[in-house]
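Have the structure open as you read.

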Amino acid sequence: MRSETLSALPPAVRLAVSPLSWANDVLEDLGADIPVETCLDEAGRAGYDGVELGRKLPRTKDLLAPLLDSRKLSLASGWHSGQLAEGSVEDEMAAVAAHADLLRAMGSTVMVYGETAMMTPGAPLDAPMSQRRQLPGVDVAAYAARLTDFGTRLADTHGLTLAYHHHLMMVAETFDEISMIFDAAGPSVGLLLDTGHAAAAGFAYTQLIERFGDRIVHIHLKDVRAPILDRVRAHDLSFNDGVRSGMFTVPGDGSLDFAPLARFVRESGYRGWLVVEAEQDPAIVPPLPAVTAAFHHILAQFSA
């Protein structure tokens, strides 16, 4: 049952937190010593309704459901590393099957899709951000057609909506790149709006709301520390260097204004999850105070 605090949100809008606040999915030393039980206990204590999948969470319903149910948490979604920029829809459907089955079994209705093909060779998140491979290297029309087919099949087979995650160092980083894909893709391809990745890519997240508000099916709430982001860009550091330096933080602790996001959610009829994220070192920024402050900051935007 929705808490009195969460009732500030519009009906059918729910607030989750990502386990990234406790344990990074890529930089495994960040949060390596934090048990998954601590992550879930603190997510519940902070007031959240749910979590996304993180690397420490089990990948079977028999193990995952008791962990979440005992803390009255739901599974909002989970990341899938897709390869459709180079691969086939048939291969992608085979690759996603177990993950999609778990999400649906746990009651999720959307699946986060991150495009990991066509990235910088080697260790792309450790490469200078200037070395990102650009979208013009992809046949956008063909790629969008594969995404559309995959989104349709994902819905038909697994009952999940595809939530395409624009992301630094991936083929859809800038506003123009995102626009090229979504202008060509069909309605089965939903958009995941990530406030932090938009800002770090050099554009206001409100541009995506204005241009593609009707395509937004999932929302990640990340803030940025602008001085650190500027330094990362000026010195052409890597994405992982930026994370370690603290370029991302939770909403309310950085440079972004979340009032336009709340206004969009209230006025558009958006129904789904808002997911607080903080890709930062938990040894430097203790997770519980950070995500608790973010919880209250986001709800304050809806109470204003």
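## Charges and surface

Let's begin with charge: the 24 positive and 39 negative charges of the protein have mean positions 4 Å apart. Lys and Arg count as positive here and Asp and Glu as negative, while His and the chain ends are not counted. Each charge is placed at NZ of Lys, CZ of Arg, CG of Asp or CD of Glu.

The protein exposes about 12,000 Å², and carbon and sulfur atoms supply 52% of that area. Accessible areas come from the Shrake-Rupley method with a 1.4 Å probe, and for residues only the protein chains shown count as cover.

## About the model

This is a predicted model, in which local features need pLDDT of at least 70 and side-chain atom pairs count only at pLDDT 80 or more, while totals for chains, interfaces and linings use all residues. Residues are numbered from 1 along each chain as its sequence is written, and side-chain values use heavy atoms, leaving out hydrogens and water.

## Overall build

The protein has 11 helices and 11 strands (DSSP runs numbered from the N terminus: helices are H or I with at least four residues, strands E with at least two). Its radius of gyration is 18 Å, close to the 19 Å that the globule rule gives for 304 residues, so the protein is as compact as a globular protein of that length. That radius is taken over C-alpha atoms, and the rule is 2.2 Å times the number of residues to the power 0.38.

Along its principal axes, the C-alpha trace spans about 50 × 45 × 40 Å. Of the 304 residues, 58% count as buried (under 20% relative accessible area, with exposed over 50% and partly exposed in between; 1.4 Å probe, protein chains only). Among contacts (heavy atoms within 4.5 Å) with a separation of 6 or more, 81% come from residues 24 or more positions apart.

## Ser77, in a loop

Ser77 sits in the loop between β3 (74-75) and β4 (79-82), and counts as buried at 0% relative accessibility. A polar atom of its side chain lies 2.8 Å from the backbone oxygen of Val110, and the side chain of Ser77 also reaches the backbone nitrogen of Val112 at 3.3 Å.

Leaving aside neighbours within four places in sequence, the contacts of Ser77 include Val51, Leu103, Met111 and His218.

## Ala294, in a helix

Ala294 belongs to helix α11 (residues 287-303) and is buried, with 0% relative accessibility. Beyond neighbours within four places in sequence, Ala294 contacts Tyr48, Val250, Pro251 and Val276.

Conventions. A polar contact is a pair of N or O atoms within 3.5 Å; within protein, one must be able to donate a hydrogen and the other to accept it, and residues adjacent in sequence count only if both atoms are side-chain atoms.
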